[in-house]
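Please find below my remarks on the model under review.

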Amino acid sequence: MIAHRITGHSLAFATFAWITISGIANGVEPVTLRYKWEEGATHHYRVTIVIDRGDEVETKSGTPLLQVKKAGQDGSVVQFQQTSLGTSVKLKQQRQIGLRPPFRPPAIPAPPFPGSFVGHELTLDDRGRVISARGESQLPMLLGNLSQLLIEPMPAEAVTTWTDKQNTSISIQSNTFPFSIRGREVEQERINAEESTTFTVEEVTPARIVLKREHTLQTIETVGGEPRIALTGTGTLTMDRQLGLPAKLDYTCKLVVREENVARTYPITVNYELMTLEQVAELKAKQAEMAAEREAVVAKQAAENAEPLTDEERRAIIADLQSGDRLKTRQALDKLAAKTTSDPDGVLSAVLVGLMQGGDIFTKTGTIKALANYGTEDAVPVLLEGLDDSNFFVQTESVKALGRMRAEQAVDPLVALLAEPRHRLAASEALKSMGAIAEEAVHDTFNSSDWTVRMEGCKVLQEIGTSESLDSLRELARSDSNLSVKRYAEKAIEAIEKRQ
């Protein structure tokens, strides 16, 4: 059994592509098809994909935006935004407890790294041929990029039927360990495949051109004489002649995945339609209404979290923490951790410290978050122990809690953690929140042989330093061997002098 995700094929994987043209079909006169890219134009599409997975039906839907950023005879830049589709799942029948969820070969790839381009930008000619591209708009179930459904390459001549063929490949990526850097999935296999799309003009009017779309994507590799993976389908594509854009697609296909003696078939329907101005206005009004509702909920929750516990809430939470019921305990911890006010409470702190003994990782981290708000000085020793815990999350939450509690006993251990890259950011923020009590100890970072530690010390003092740190910082700015350390020392000096 394939225990991998098939993320789909992409234009980037294609090696060869060509268009073959046939003669007149269906008695329709040949027609020239061209896209009209109008600079600054925006177009919303309503997209729906329905996937029958056997015991459940998955629906993906959304309203992606097509924007023409630039139009010109040497290429037009078109961006596809809001391409992430929402998902809903409906069971055909109640799944029995203990049964595995249905086999899911294709899936949407992992999101891009922070700061990377989000969406899909193509530079196209008036035939829809790709000159260059960045980003992606991958769809599930080997449907390719969303842009490939919206923007089909057109033939050079006036014709009634043509076939677009390309050699491509399907990338199979692991959804289990080992993961690559930053959690991206690791490609396990790339299978060569052949793809063919045939278009036939069925109707031509002054307003529209209706095309029959027949598509096949199948691997060269076979299982039992049949393609290991095959996607075949047919549908109708309608082009708006005035706008020079696709107006509607109604498409039905099936994906077949073969493994040894098993063949799994997934019926799929794909529909999209160009939205009218009225529909777009209605959509934006609905989005604004939903955003206002979300903001109201967030504001209400923030106000509640800023309020101290009432006597009744406090008694109920203590009872839940001592109940031995894991669900009640977790819910009580979540309530305490969500509070934005610091209110040390001796009784609550003692109960929370008791939960640290022998608790699972989730209970421990939840307890530490609660101690950050309600812990007293008696809780500091257990939080210091948390710095040496074998679990990274317990360590990190302990760092944050000690900083929020301004625990003076934790200053030296936190300064020491600046030398550990995986804890440096959390330790630095904790020291900043401690303020003046941490200032003198941070000077020890200037003796480190690691320039990144010296630089982090300067960053902390930039926030909390006083005149007591100026001499050390000036010496660092004058004589340190690293330019970055010198620069941050100067920034710290400037910040301290402004505060005086």
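The numbered points follow.

1. This is a predicted model, in which local features need pLDDT of at least 70, side-chain atom pairs count only at pLDDT 80 or more, and totals for chains, interfaces and linings use all residues. Residues are numbered from 1 along each chain as its sequence is written, and side-chain values use heavy atoms, with hydrogens and water left out.

2. The protein chain holds 14 helices and 17 strands (DSSP runs, H or I of at least four residues and E of at least two, numbered from the N terminus). Of its 500 residues, 46% count as buried (under 20% relative accessible area, 1.4 Å probe, protein chains only).

3. Helix α12 (residues 451-464) and helix α14 (residues 483-499) have axes that come within 8 Å and cross at roughly 10° (axes are lines fitted to C-alpha atoms over the stretch in contact, with angles from 0 to 180 degrees between N-to-C directions). The two helices are therefore roughly parallel (angles under 35 degrees).

4. In the contact between these helices (heavy atoms within 4.5 Å), residues of α12 including W451, M455 and I464 meet residues of α14 including Y488, A492 and R499.

Note on methods
Angles under 35 degrees count as roughly parallel, over 145 as roughly antiparallel, 65 to 115 as roughly perpendicular and the rest as oblique. Buried means under 20% relative accessible area, exposed over 50%, partly exposed in between (1.4 Å probe, protein chains only).
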